[in-house]
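Me: I've got a structure open and would like to talk it through. Can you walk me around it, one question at a time?

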Amino acid sequence: MEEYAREPCPWRIVDDCGGAFTMGAIGGGIFQSIKGFRNAPVGVGHRFHSSISAVKLRGPQIGGSFAVWGGLFSTIDCGLVKIRGKEDPWNSISSGALTGAVLAARSGPVAMVGSAVMGGVLLALIEGVGIMLTRFTSTQFQNGPPQLVEDPAQLPPPPANLPAAGFGAYGQYQ
C-alpha cells in the first residue's frame with residue numbers, strides 16, 4: 001500500500017535534493033539570523049547588519065549540506081527499492097543508516113558506526129510517527145454502523161437504470 005504518490009526514482013533524487021536544499025536554506029537562514037543578531041555588538045544598525053551577513057554567509061552552506069544529505073539518502077533509497085523490489089519503511093530506515101555512515105566515512109570507522117546508528121534511529125522514529133499518524137487518522141474516516149429505516153417510504157427512489165423489483169431476467173424474484 002502506497003501512502004502517497006511519489007516521483008519515479010530518477011526524478012525523486014532531484015526532487016528530494018531541491019526540497020532538502022530549500023529546507024536547509026530556510027531553516028539555516030532563520031537560525032543564522034537569530035545567531036547573528038545575538039552575537040552582534042549592541043546597537044540596532046549593527047545587529048541588523050550582522051544578522052543579514054550571517055544569513056548570506058551560512059544560509060547557502062547549510063542548504064548545500066542538507067541537499068547533499070537528501071540526494072544521497074534518495075539515491076540509496078532508490079537503490080534499495082530496485083534491489084528489494086518493494087517500497088516500505090525498512091528502505092527508509094536502511095537509507096538513513098547508510099547515508100549517515102557514508103557521510104562520516106572520512107572520520108573513521110567508529111564515527112561511521114555512530115552516524116549509521118543515529119541515521120537509522122532518526123529515520124525509524126520518523127517512519128514510526130508517520131505510521132502512527134496514518135493509523136490514527138484512518139480511524140477517523142471509517143463508516144459507522146448502518147442505520148435502519150423504520151418507514152420504507154423514507155427510502156430514496158431506486159436509480160433509473162436498475163430494473164424494478166419483481167421477477168428478474170432469470171425468473172428469480174428480486
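**Around Thr-99**

Reply: Let's start with Thr-99, which touches Trp-69, Leu-72, Phe-73 and Ile-76 when residues up to four places away in sequence are not counted; contact here means heavy atoms within 4.5 Å. Keep in mind that this is a predicted model, where local features need pLDDT of at least 70, side-chain atom pairs count only at pLDDT 80 or more, and totals for chains, interfaces and linings use all residues. Residues are numbered from 1 along each chain as its sequence is written, and side-chain values use heavy atoms, with hydrogens and water left out.

Me: Is Thr-99 buried or exposed?

Reply: Buried means under 20% relative accessible area, exposed means over 50%, and partly exposed is in between (1.4 Å probe, protein chains only). Thr-99 has a relative accessible area of 0%. That makes Thr-99 buried.

Me: Which backbone oxygen does the side chain of Thr-99 reach?

Reply: Thr-99 sits in helix 3. A polar contact is a pair of N or O atoms within 3.5 Å; within protein, one must be able to donate a hydrogen and the other to accept it, and residues adjacent in sequence count only if both atoms are side-chain atoms. At 2.7 Å, the side chain of Thr-99 reaches the backbone oxygen of Ser-95.

Me: How many helices are there in the protein chain?

Reply: Helices (H or I, at least four residues) and strands (E, at least two) are DSSP runs, numbered from the N terminus. Along the sequence the pattern reads α-α-α-α. With 0 strands, the protein chain has a helix count of 4.

Me: How are helix 3 and helix 4 oriented to each other?

Reply: Two packed helices are described by the angle between their axes and the distance between the axes. Helix 3 (residues 89-103) and helix 4 (residues 109-140) pack with their axes 6 Å apart, at an angle of about 150°; axes are lines fitted to C-alpha atoms, for helices over the stretch in contact, and angles run from 0 to 180 degrees between N-to-C directions. Angles under 35 degrees count as roughly parallel, over 145 as roughly antiparallel, 65 to 115 as roughly perpendicular and the rest as oblique. Helix 3 and helix 4 are therefore roughly antiparallel.

Me: Which residues does the disulfide join?

Reply: The structure holds 1 disulfide, meaning a pair of cysteine sulfur atoms within 2.5 Å. The S to S distance is 2.4 Å, and the pair is Cys-9 and Cys-78.

Me: How far apart in sequence are the parts that Cys-9 and Cys-78 tie together?

Reply: Cys-9 lies in helix 1 (residues 9-39), while Cys-78 lies in helix 2 (residues 44-84). So the pair ties together parts whose separation in sequence is 69 residues.

Me: What is the handedness of the disulfide of Cys-9 and Cys-78?

Reply: Look at the torsion about the S-S bond, which is about -105°. So the disulfide of Cys-9 and Cys-78 is left-handed.

Me: Which residues is Gln-32 in contact with, leaving aside its neighbours within four places in sequence?

Reply: Gln-32 is in helix 1 and counts as buried, at 6% relative accessibility. Setting those neighbours aside, Gln-32 is in contact with Ser-51, Ala-54, Val-55, Arg-58 and Ile-62.

Me: How far apart in space are Thr-75 and Asp-16?

Reply: Thr-75 belongs to helix 2 and is partly exposed, with a relative accessible area of 40%. Thr-75 and Asp-16 are 59 residues apart in sequence, and their C-alpha to C-alpha distance is 9.6 Å.
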